[in-house]
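Here are my notes on the model you sent over, as numbered points. Have it open beside you while you read.

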Amino acid sequence: MKYIIFDIDGTLTNTTEIDDLCFTKAIAATFNFSDFNTNYGHYENTTDSGILNQLSLERRNRPCTVTEIENFIDCFCTLLEEAYEKQASHFREIPKAGKIISTLARNEDLRIGLATGGWKQSALFKLQVAGINIEECSAASFAQDAFARRDIIGHTIHKMNKRHNESPELSDIIYVGDGNWDYQATLQLGIKFIGIDNKKLAHINDIIKISDYDELEQHIGLMTLTS
């Protein structure tokens, strides 16, 4: 049995730019922080929870409270909804993303999961408005589950194991993502990686990259043969 686990922003939905914009506005509105680094790939953990935790520790010498996180998520989701109402084109599906999930889910030898550094509420909203059906995914994990992306992916693997009463070899688990932080997480976990071909992964030459989801099934097959 093989597991294929997908990231969301930049991998299934073309929402990275609007997500970063609304995330930055929500930080300023909720915490009254200013002049913070908005290149979120430079944080220790490039996840919504990891970024907020690091900023709070650096600025206030304490982690965020549960109430602060809840208020932030409410503000962030409101900003995303307002942005969608103004310009829905910022919330597009990565071409053929929904189709590939449905196609892979019909393969009896595969299980499909999600693992994103975003909050559950915002992630589900973006998937919904992008028209991507995730009912066939057997498990999903979000920023609420951990600060580190490797741990979020690990949560999804654990949930999939429990749901299907299976425990595949690490070489039979593939994570599909669009950032260097995705790749680094797979190295830490010892699982395989397929990247979305873009400038964030341009400096990495020893990985499989796809520019079209029609290529994914072929690469999954090749990786299975070399396991």
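1. Let me begin with N53, which sits in helix α2 (helices are DSSP runs of H or I, at least four residues, strands are runs of E, at least two, and both are numbered from the N terminus). N53 counts as buried, at 15% relative accessibility; the scale here is buried under 20% relative accessible area, exposed over 50%, and partly exposed in between, with a 1.4 Å probe and protein chains only. Leaving aside residues up to four places away in sequence, N53 touches P63 and F147, a contact being heavy atoms within 4.5 Å.

2. A word on ground rules. This is a predicted model, in which local features need pLDDT of at least 70 and side-chain atom pairs count only at pLDDT 80 or more, while totals for chains, interfaces and linings use all residues. Residues are numbered from 1 along each chain as its sequence is written, and side-chain values use heavy atoms, with hydrogens and water left out.

3. Now the overall build. The protein has eight helices and eight strands. Its radius of gyration is 17 Å, close to the 17 Å that the globule rule gives for 227 residues, so the protein is as compact as a globular protein of that length. (That radius is taken over C-alpha atoms, and the rule is 2.2 Å times the number of residues to the power 0.38.) The C-alpha trace spans about 50 × 35 × 35 Å along its principal axes.

4. How much of the chain is tucked away? Of the 227 residues, 50% count as buried. Taking contacts between residues at least 6 apart in sequence, 66% join residues at least 24 apart.

5. You will find G10 in the loop between β1 (2-6) and β2 (13-14), and it is buried, with a relative accessible area of 10%. Setting aside residues up to four places away in sequence, G10 touches T16, I94, D178 and I196. G10 and I196 are 186 residues apart along the chain, yet their C-alpha atoms are separated by 8.0 Å.

6. Two asparagines have a backbone angle worth a look. In general, most residues other than glycine have a negative phi. Phi of N61, however, is near 60°, a positive value; this residue lies in the loop between α2 (48-60) and α3 (66-86) and is exposed at 70% relative accessibility. N165 also has a positive phi, near 55°. N165 is in the loop between α6 (149-164) and β6 (173-177), and at 73% relative accessibility it counts as exposed.

7. What about disulfides? A search of the whole structure finds zero, where a disulfide is a pair of cysteine sulfur atoms within 2.5 Å. For C22, the nearest cysteine sulfur is that of C75, 9.2 Å away. As for cover, C22 is buried, with a relative accessible area of 4%, whereas C75 is partly exposed at 22%.

8. Last, surface and charge. The accessible surface comes to about 11,200 Å², and 47% of it belongs to carbon and sulfur atoms (Shrake-Rupley method, 1.4 Å probe; for residues, only the protein chains shown count as cover). The mean positions of the 22 positive and 33 negative charges are 1 Å apart. Lys and Arg count as positive and Asp and Glu as negative, with His and the chain ends not counted; each charge is placed at NZ of Lys, CZ of Arg, CG of Asp or CD of Glu.
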